[in-house]
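This report describes a model through its sheet, its rings and a few single residues. The sequence and structure come first.

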Amino acid sequence: MLRNARDQLLSVLLAFAMVLLTAATLAYIFERQIQPEAFGSIPGALWWAIVTLTTTGYGDEVPVTLPGRLLAGMVMISGIGVFGLWAGVLATAFAEEIRRREFLRTWDLVAEVPSFHDVGAATIADVTRLLGPREVSQGTVIMRRGQPGDCMYFIVEGEVEIQLQPENVRLSAGAFFGEMALLLGGPRTATVVATRSTTLLVLDVADFRELVARRPELGAAIKEEADRRSGEIRRLQ
Ligand code: CMP
């Protein structure tokens, strides 16, 4: 994680060192005649610069000239900036690492879904960006009949029950559901419940449209299955 942020952290350290050296040199120029014991040399003034830039402020060495005090104000403000920058770089690196791990986990899940078996790595990477994992426990109602639908699901592991009349249908790993509301624009045609602990991949409607536009053959396979299912529903009604 730190390897990725190394360049940024080094830049912040460099900025830190430059501000320190400049501040110590200027403090030496402004204060050396009035306070030779504290500011008589640049290394001596460096102690004051470190205490001020880190906003520690022991107060053991204090500039007394007007330019010296103005400089002290600027060094204090720069200190807040430099540490803010440092914290920002670390926080971004952490967030990036978490995102990368999540991406790899989703990648593994996507690769297990049969509809994605025959597509290349570039397409899996594309799809991985669009799909998000969701774990549901046994008995969870994933969708209810009649509700509007804004996403569809792929089953990675586990099983769901599509509650239909006269008899329920069970779908397991590799199957998808929730596509009909997206394709036909109507409400959910059935209630769907997890029959055991199940891992799903969720694709929301906007991403569904994007995926279908980018991978027409995948869109056609989903549409074909949706047509078959709506035919079956009509036949049973
Ligand atoms: P949707 O209507 O969005 O929400 C309920 C889902 O149940 C539906 O999409 C289909 O994915 C699924 N479904 C409906 N009928 C069947 C069926 N006969 N076989 C398998 N799945 C079905």
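Contact here means heavy atoms within 4.5 Å. The model is predicted, so local features need pLDDT of at least 70 and side-chain atom pairs count only at pLDDT 80 or more, while totals for chains, interfaces and linings use all residues. Residues are numbered from 1 along each chain as its sequence is written, and side-chain values use heavy atoms, with hydrogens and water left out.

Helices (H or I, at least four residues) and strands (E, at least two) are DSSP runs, numbered from the N terminus. Two strands pair if DSSP finds at least two bridges between them. By this rule four strands form an open sheet in the order 1-8-3-6, with antiparallel pairing. Strand 1 (132–136) and strand 6 (176–177) each have a single partner strand, so they stand at the edges and one side of each has no neighbour in the sheet. Five bridges join strand 1 to strand 8 (residues 198–204) in the antiparallel sense; Gly132 has Val202 of strand 8 as its bridge partner.

Helix 7 (residues 205–214) lies across strand 3 (151–157) and strand 8, running at about 80° to strand 8. Axes are lines fitted to C-alpha atoms, for helices over the stretch in contact, and angles run from 0 to 180 degrees between N-to-C directions.

Arg215 is in the loop between helix 7 and helix 8 (216–236). Its relative accessibility is 18%, which counts as buried (buried means under 20% relative accessible area, exposed over 50%, partly exposed in between, with a 1.4 Å probe and protein chains only). Leaving aside neighbours within four places in sequence, Arg215 is in contact with Val119 and Thr123.

**Aromatic rings**

A pair of aromatic rings is described by the distance of the centres and the angle of the planes. Rings of Phe, Tyr and Trp (its six-membered ring) pair if their centres lie within 6.5 Å; planes under 30 degrees apart count as stacked, over 60 as edge-to-face and the rest as tilted.

| Pair | Centre to centre | Angle between planes | Class |
|---|---|---|---|
| Phe39 and Trp48 | 5.9 Å | 65° | edge-to-face |
| Trp47 and Tyr58 | 6.0 Å | 20° | stacked |

Trp47 belongs to helix 3 (residues 42–53) and Tyr58 to the loop between helix 3 and helix 4 (66–112), so this pair ties together parts that are 11 residues apart in sequence. Trp47 is partly exposed at 38% relative accessibility, and Tyr58 is exposed at 58%. Phe39 is buried at 0%, and Trp48 is also buried, at 4%.

A charge sits over a ring if NZ of Lys or CZ of Arg is within 6 Å of the ring centre and within 35 degrees of the ring normal. The charged end of Arg32 sits over the ring of Tyr28, 5.0 Å from its centre. The charged end of Arg229 sits over the ring of Phe176, 5.2 Å from its centre.

**Backbone and loops**

Most residues other than glycine have a negative phi, and most peptide bonds are trans. Thr55 is not a glycine, yet has a positive phi of about 55°. Thr55 is in the loop between helix 3 and helix 4 and is partly exposed, at 48% relative accessible area. Gln165 and Pro166 are joined by a cis peptide bond, with omega about 0°. Pro166 lies in the loop between strand 4 (159–163) and strand 5 (169–172).
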